[in-house]
Each structure stands twice: as structure tokens, then as C-alpha cells.
Amino acid sequence: MTVRWIWLALLILVAQAGCGPKALIVVLPNADGSVGAVTVDDGHDPVLLDHAYAAGAVTGGKVETKTATRQEVRETFGKALAAQPILPSHFQLYFISDSDVLTSESELRYRRVFEDIKRRPVYQVEVVGLTDTVGDRAYNQELSAKRAAAIMERLVADGVSREAISIAGRGELDLAVPTGPQVSESRNRRVKITVR
Amino acid sequence: MRCVGRSLYEIAAGCFLGTLVVLSLEVPASAQSSPVAQVKTVSGAAVIVRGAQRLAARTGDPLFEKDTIETGKDGSIGITFIDNTVMSAGPNSELALEEYRFDSSNFNGAMLTDMRNGTLSVVSGDIARSSPGAMKIRTPKAILGVRGTKFVIKARGK
């Protein structure tokens with residue numbers, strides 16, 4: 001009788017081992033080498049995974065932690081990782097004071113934006129125009145919208161699909177370099193561009 | 001009485017018009033809400049489940065809150081959300097976009113995805129940065145909170 005119970009317990013153990021955990025989470029380093037964190041909360045004791053290759057296995061009991069190897073990640077997650085889209089890119093282009101004309105440096109930089117868009121099979125582009133604090137707010141709101149529109153027209157002229165571009169003007173509302181009113185600041189005369 | 005005498009032709013026409021009304025109601029229903037993500041990569045069998053519809057996923061397709069993505073045994077799919085969160089699923093995967101809201105003017109938002117089965121790679125975006133607890137992923141038997149990172153999940157819910 002006791003032997004039968006032991007066998008049953010063993011069978012259950014083997015069955016569980018064969019199935020593996022309900023969920024396995026592995027934190028990976030970002031492209032720039034930094035590492036964020038993931039908390040795993042199974043309703044009992046939340047576990048924090050906050051270093052590269054930190055792994056948590058959710059079994060229904062306590063979350064088991066360990067450090068995974070690169071090879072394990074490649075074997076288990078290779079196909080999911082291979083399907084990863086090109087990551088979004090961020091750019092800033094700067095303008096000549098009180099105009100929607102790019103500075104000569106940003107004129108060169110524009111090319112990088114265009115090339116980044118073109119390497120993507122499908123893309124969405126967001127352009128947000130901004131100004132420094134010289135002039136009144138309403139005027140700057142309009143100027144920032146003009147800057148965003150100028151970049152959109154430029155991209156469209158270069159063959160980027162208009163439907164894939166969205167534009168907005170935010171005037172003085174997002175200063176890269178905080179200043180008081182009526183301060184000329186070249187780093188605030190810009191558009192922020194996200195390509196994804 | 002007039003309604004008793006209604007011809008089959010009239011009934012058929014009524015049915016046809018009824019179908020048209022239903023169809024025209026359905027199209028704006030999905031167009032009403034704006035897309036929360038876009039399909040960027042597809043390989044093998046990958047399906048978007050939207051209500052009762054099952055649509056073969058294609059590169060460029062928009063995705064909406066409440067959509068579910070499924071991949072077959074040779075399939076994979078990669079998507080990018082409007083807050084720049086990037087996710088890609090390997091074979092035999094099922095991922096539901098349960099809740100999603102994002103305000104691009106202040107980068108605040110919240111998302112909950114349900115990773116029911118398979119493998120998933122995630123690179124978090126603006127929502128995870130906006131506040132602790134803003135980005136959550138449900139897996140079988142656990143909820144994950146994400147703070148600015150790349151990570152992978154294997155889920156065995158089936």
C-alpha cells in the first residue's frame with residue numbers, strides 16, 4: 001500500500017518535471033547594455049529580476065530564480081527574438097531662429113532620418129514641432145506646427161508615404177533647455193522625430 | 001392582409017438589406033477606436049483574432065485593443081505599439097492585447113497584455129517609463145510588472 005503511494009507521488013513529480021514551469025521570464029540587456037527590471041508576482045511573494053539573464057520560473061509554488069545562459073535564451077527564444085521588428089529611432093532636427101528652415105548641421109542630419117525610414121518594410125513617423133520662448137505663445141504654437149509641417153512635406157517630396165506621417169506643434173511646451181520667457185535658445189528650436 | 005401576402009422576393013430583399021445594414025455597422029465599429037500597434041514582421045502562419053473574425057496577419061496591419069494574436073507551429077510575428085513598445089512572438093503563441101491607453105502629448109498610459117502560450121520577446125517603451133506599474137503582462141499563474149527593459153517570456157497555458 002505504502003509502495004503504491006510512493007509510486008504515485010513519483011509519477012506526479014515526473015509528470016510535472018516533464019511539463020516545466022507555467023511561465024519562464026528572462027531579463028536581457030538593452031541594446032545600450034543597460035538593464036531594467038521585471039517583477040514577477042504570483043500572488044504570494046513578488047520576485048524582482050533586475051540583472052542581465054536573471055530568470056524566474058513560475059511553477060504554482062514559489063517563483064524559482066536563477067541565472068540563464070545565453071545559449072538557453074537562444075534555444076528557447078530564438079524564433080521570437082528573430083521576429084523582433086527594427087526598434088524605434090528618435091531624432092531631433094534644429095531650425096534657424098523664427099523660421100521653418102533647418103540649420104546646416106540638421107540639414108545633413110535629415111538624411112539620417114530619411115535613411116532610417118527607408119530601411120523599414122513598414123513605418124510610422126511622428127514629427128512634433130517646438131520653439132524657444134522668444135515671441136508670444138500663440139505665435140510660437142503656429143511656428144512649431146509650421147516646422148513639423150515643413151519636415152512632413154520634405155519627407156513626402158522624398159517619397160515617404162504621407163499617410164504614415166503624423167505631425168503636431170507644441171510651441172513652447174517642451175523646452176529641451178529650460179529658460180525664462182523671451183530667451184533665444186538654439187537647442188529649443190527643433191522638431192522631435194520618432195520613426196517606428 | 002398585406003404582410004401575409006409578402007412575396008419571397010420581398011423577404012429575400014429584406015434579408016439582403018438587413019445584411020448590408022449589419023455589414024455597414026460592423027465596419028465603423030472597428031474603425032471607431034484608433035490602432036494601438038502595427039504589425040511589422042510576419043513569418044509563417046500568424047492570425048489576428050478580432051471579435052468573431054480571424055484575419056491572416058500581414059505586414060502593416062493595424063492592431064486594436066482587445067485583438068488577440070496567434071501563431072501556428074511555423075509562425076512568428078513582430079509588432080510595435082504607438083508608445084514604442086516592441087513585442088515579437090515565436091511559434092504556437094497566443095497573446096491578447098487586453099487593455100491599452102496612451103497619451104502621446106505627455107507619454108502617460110497603461111497597458112495589460114495576456115501572454116497565454118508560447119514565447120515572447122519584449123522591449124518596453126514609453127508606457128513602462130511613464131510610471132511604475134503602468135505596463136503589465138499576465139502569464140499563466142503570474143503578473144509581470146515591467147520597468148524599462150528587454151526581456152523574454154515562455155508561457156505554457158495550454
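Reply: The strands themselves (E, at least two residues), like the helices (H or I, at least four), are DSSP runs numbered from the N terminus.

Me: Before we go on, how should I read the labels and the model?

Reply: Residues are numbered from 1 along each chain as its sequence is written, while chains are lettered from A and ligands numbered from 1 in the order in which they are written. It's a predicted model, where local features need pLDDT of at least 70, side-chain atom pairs count only at pLDDT 80 or more, and totals for chains, interfaces and linings use all residues.

Me: Now helices. How do I read the length of α3 in chain A?

Reply: Compare the end-to-end reach with the expected span, which is 1.5 Å times one less than the number of residues. α3(A) (104–118) has 15 residues and reaches 22 Å from first C-alpha to last, close to the expected 21 Å.

Me: Which residues of α3(A) are buried?

Reply: A:Ser106, A:Val113 and A:Ile117. They span an arc of only 40° around the axis, so they sit on the same side of α3(A); the arc is taken over the directions from the helix axis to the C-beta atoms. On the face turned away from that side you'll find exposed residues, including A:Arg111, A:Arg112 and A:Lys118. Among the elements covering the buried residues are β6 (89–94), β7 (125–129) and β9 (190–195) of chain A.

Me: And how far does α4 of chain A reach?

Reply: α4(A) (137–157) has 21 residues and reaches 30 Å, close to the 30 Å expected. Its buried residues include A:Leu143, A:Arg147, A:Ile151 and A:Leu155. The face turned away carries exposed A:Ala138 and A:Ala157. The buried residues pack against β6, α3, β7, β8 (165–169) and β9 of chain A. After the helix comes A:Gly159, with a positive phi near 105°.

Me: What about cores? How many residues are in the largest nonpolar one?

Reply: In soluble globular proteins, nonpolar side chains tend to be buried together. Here a core means buried Ala, Val, Leu, Ile, Met, Phe, Trp, Tyr and Cys residues joined through C-beta atoms within 7 Å. The largest has 57 residues, and A:Ile25, A:Val26, B:Ile77 and B:Phe151 are among those with the most contacts inside it. Strand β1 of chain A (23–28) gives the most to this core, with 6 residues. A second, separate core of 18 residues includes A:Val127, A:Leu130, A:Ala148 and A:Ile151.

Me: What is A:Val26 in contact with?

Reply: Contact means C-beta atoms, placed from the backbone, within 7 Å. Leaving aside neighbours within four places in sequence, A:Val26 has partners including A:Tyr53, A:Ala68, B:Phe151 and B:Val152.

Me: How many residues does each chain bring to the contact between chains A and B?

Reply: Chain A brings 37 and chain B brings 39. On chain A's side, β1, β2 (37–41) and α2 (70–82) each give two or more, and α2(A) gives the most, with 7.

Me: What should I know about chain B as a whole?

Reply: Chain B has 2 helices and 12 strands. Of its 158 residues, 43% count as buried.

Key
Buried ≥ 20, exposed ≤ 12 C-beta atoms within 10 Å, placed from the backbone. Contact = placed C-beta atoms within 7 Å.
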